[in-house]
Amino acid sequence: MSLDAGAPAPEITAPNQDGEVVSPSTDGPTVVYFYPRDDTPGCTTEANQFQAELESYRDAGVAVYGVSTDSVESHRDFCNAQGLAFDLLADPDAEVADAFDVDASRGAAARTTFVLLDGEIWRVYEDVSPDGHARDVLADLLDAGVVELSE
């Protein structure tokens, strides 16, 4: 069970793959996606597809953050190996997962995505299938008129 759409968006802080402390905005459109583990097949697919769509996300003014219980070092290696240009937040104690009520009881976060907007959770995707998810989230934002691609 995770937080529901309409709930206040948690204000979180966590180190990224470079060890820099990051606090994603809850005001502008922001995607926070939780995934179980760096460098595993489904997680790699999901990360690579967010990377493939990253220019479109940025053109639409949407920030993207991945979160797992992996360490800063693991995230750094994963980002370098996959060429990821967005922040992966290290959550080894599952504090960020807890803030979103994402199950991490088995040591890894359940694959769940949140779209934050205007200080609230706009949409929640649970039991995510990694293949095509990044494209689907962006399409939902565009179809709902929440964002537009700049030209």
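Biologist: At 0% relative accessibility, is E46 buried or exposed?

Modeller: This is a predicted model, and every value here is computed from it. A residue is called buried when its relative accessible area is under 20%. E46 has 0%, so it counts as buried.

Biologist: With which residue does E46 form a salt bridge?

Modeller: To find a salt bridge, look for a side-chain nitrogen of Lys or Arg within 4 Å of a carboxyl oxygen of Asp or Glu. E46 has R111 as its partner, with the closest N and O atoms 2.7 Å apart. E46 is in helix α1 and R111 is in the loop between α3 and β6, so the pair ties together parts 65 residues apart in sequence. R111 is buried too, at a relative accessible area of 16%.

Biologist: How many salt bridges does a search of the whole structure find?

Modeller: The search finds four. One of them is the E46 and R111 pair. Another joins E53 and R135, where the closest N and O atoms are 4.0 Å apart. E53 lies in helix α1 and R135 in helix α4, so this pair ties together parts that are 82 residues apart in sequence.

Biologist: Which residues does E53 touch, leaving aside those up to four places away in sequence?

Modeller: E53 touches A134, R135 and L138. As for accessibility, E53 is buried at 18%, whereas R135 is partly exposed at 48%.

Biologist: Which side chain meets that of R123 in a salt bridge?

Modeller: The side chain of D140 does, with 3.4 Å from N to O. R123 belongs to strand β7 and D140 to helix α4, so the two tie together parts 17 residues apart in sequence. R123 is partly exposed, with a relative accessible area of 31%. D140 is also partly exposed, with 23%.

Biologist: Next, the helix α2. Which of its residues are buried?

Modeller: To read a helix, list its buried residues and ask where they sit around the axis. In α2, which runs over residues 72-82, the buried ones are V72, H75, F78 and C79. They cover an arc of only 125° around the axis, which puts them on the same side of α2.

Biologist: Which exposed residues does the face turned away from that buried side carry?

Modeller: That face carries D77, N80 and A81, which are exposed.

Biologist: Which residue follows α2?

Modeller: G83 follows α2, and the phi of G83 is positive, near 70°.

Biologist: C79 is among the buried residues of α2. How many disulfides does a search of the whole structure find?

Modeller: A disulfide is a covalent bond between the sulfur atoms of two cysteines. The search finds zero here. C43 is in no disulfide, and the nearest cysteine sulfur, that of C79, is 13 Å away.

Notes
Residues are numbered from 1 along each chain as its sequence is written. This is a predicted model: local features need pLDDT of at least 70, side-chain atom pairs count only at pLDDT 80 or more; totals for chains, interfaces and linings use all residues. Side-chain values use heavy atoms; hydrogens and water are left out. Buried means under 20% relative accessible area, exposed over 50%, partly exposed in between (1.4 Å probe, protein chains only). Helices (H or I, at least four residues) and strands (E, at least two) are DSSP runs, numbered from the N terminus. The arc is that of the directions from the helix axis to the C-beta atoms. Contact means heavy atoms within 4.5 Å. A disulfide is a pair of cysteine sulfur atoms within 2.5 Å.
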